[in-house]
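Dear colleague,

Please find below the structure that I am handing over to you. My findings follow directly after it.

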Amino acid sequence: MQTKKIINDGNRTVDEMLEGILAAHPRHLKSAEGSPRSIIARDGPRDGKVGLVIGGGSGHEPTFLGFVGKGLADAAAIGNVFASPPPDPILECAKAASGGGGVLFMYGNYAGDVMNFDMAAEMAAMDDIEVRTVLTTDDVASAPRDQRQKRRGVAGNFFIFKAAGAACDRMLSFDECERIARKANDHTFTMGVALSPCSLPQTRRPNFEIGPDEMEIGMGIHGEPGIARGKLKTADEITDEMLDKIFDEMAPARGDKVAVLVNSLGSTPLMELYIMNRRVKRRLDDIGVSVHATWVGNYCTSLEMAGASVTLMHLDGELQTMLDHPCDCAMFRAG
């Protein structure tokens, strides 16, 4: 059974989406000349500034396109649906973002992305552009604690990119921008739950199977297996299960402060996300942890997958300052 999508040609969906995004946000975005998959901030790159280049597969909007703009990412390389961008558009992003202070590559820890971004970094070095890479690894479910370097990057990208983009925008040194990016990643924890599959535009068929009364805790944003599948529970029970895993990792103490993201994987509505956020706030109140800021909505999706994720960033004064730093992107603004 095929799913229904409002598309023209499954093989043209990414290019047509990009054309529509550029038409909608001409004040914020442009594409690199001759490289339509390289999306550049109109008001971002500047002399002496560390450039921030992000990117990855399509289908997760507003990640990555929505976070390109002043105060956040200078450019994003866009791949096919759930596929890494090839090295060439990444290189064009690096060239556009380079202001002489070095370029930071940031993206989720997936094998295809690592290979292609590493190739682009080698190509950039031939153009005398120094590139450093910080992988995002916030998905608590994707590997044990002692193998955190193997974890995937998911919705926590939102906080991690935000902190790194602020450091770059504040004209901090390359070393400091890299340090803050790594610190932001180390302080960010995500757990998700999937209720139904999504379908790729090319196939319009579900990319995995799950029963009508089942859920899967910890499933990845491309349908990667989670850590437990079982009967669908109540919103409070689901949220508690995710928070227990996050708290075990984060080890919050009374008096600590966090930022909260309750994210839809695509088709889960705001009503349900706010019910989950209500429980997140109550659980944090119970342990004496205060919420500095909360975001609820679509921030890192998986096409039309039903489900949600909860992300906590464990804040200190420096990370709070970076989170509060103004930014102006096509699909997200702060400050």
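How many bridges join strand β11 to strand β13, and do these strands run parallel or antiparallel? Strand β11 (residues 257-264) and strand β13 (residues 307-315) are joined by 8 bridges and run antiparallel. Among the paired residues, Ser264 has Ala308 of β13 as its bridge partner. Please bear in mind throughout that this is a predicted model.

Both strands belong to an open sheet of 6 strands, arranged in the order β10-β9-β8-β13-β11-β12, with mixed pairing. At its edges are β10 (228-231) and β12 (290-297), each of which pairs on one side only. On average, neighbouring strands of this sheet are turned by 15° against each other, direction ignored.

Helix α6 (residues 235-250) lies across β8, β9 (214-217), β11 and β13, and runs at about 155° to β8.

I also examined the largest pocket, which holds about 310 Å³ of space. Its lining consists of 14 residues, and those nearest the pocket centre are Ile7, Thr13, Met17, Pro201 and Leu303. Helix α1 (residues 13-24) supplies the largest share of this lining, with 4 residues.

Yours sincerely

Key: Residues are numbered from 1 along each chain as its sequence is written. This is a predicted model: local features need pLDDT of at least 70, side-chain atom pairs count only at pLDDT 80 or more; totals for chains, interfaces and linings use all residues. Side-chain values use heavy atoms; hydrogens and water are left out. On a 1 Å grid over the protein atoms alone, a cavity is a set of points where a 1.4 Å probe fits but cannot get out, and a pocket is an open set with protein on both sides within 12 Å along at least five of seven lines; lining residues have an atom within 4 Å of a point. Grid points are joined across faces, edges and corners, and a volume is the space filled by probe spheres set on the points. Helices (H or I, at least four residues) and strands (E, at least two) are DSSP runs, numbered from the N terminus. Two strands pair if DSSP finds at least two bridges between them. Axes are lines fitted to C-alpha atoms, for helices over the stretch in contact, and angles run from 0 to 180 degrees between N-to-C directions. Contact means heavy atoms within 4.5 Å.
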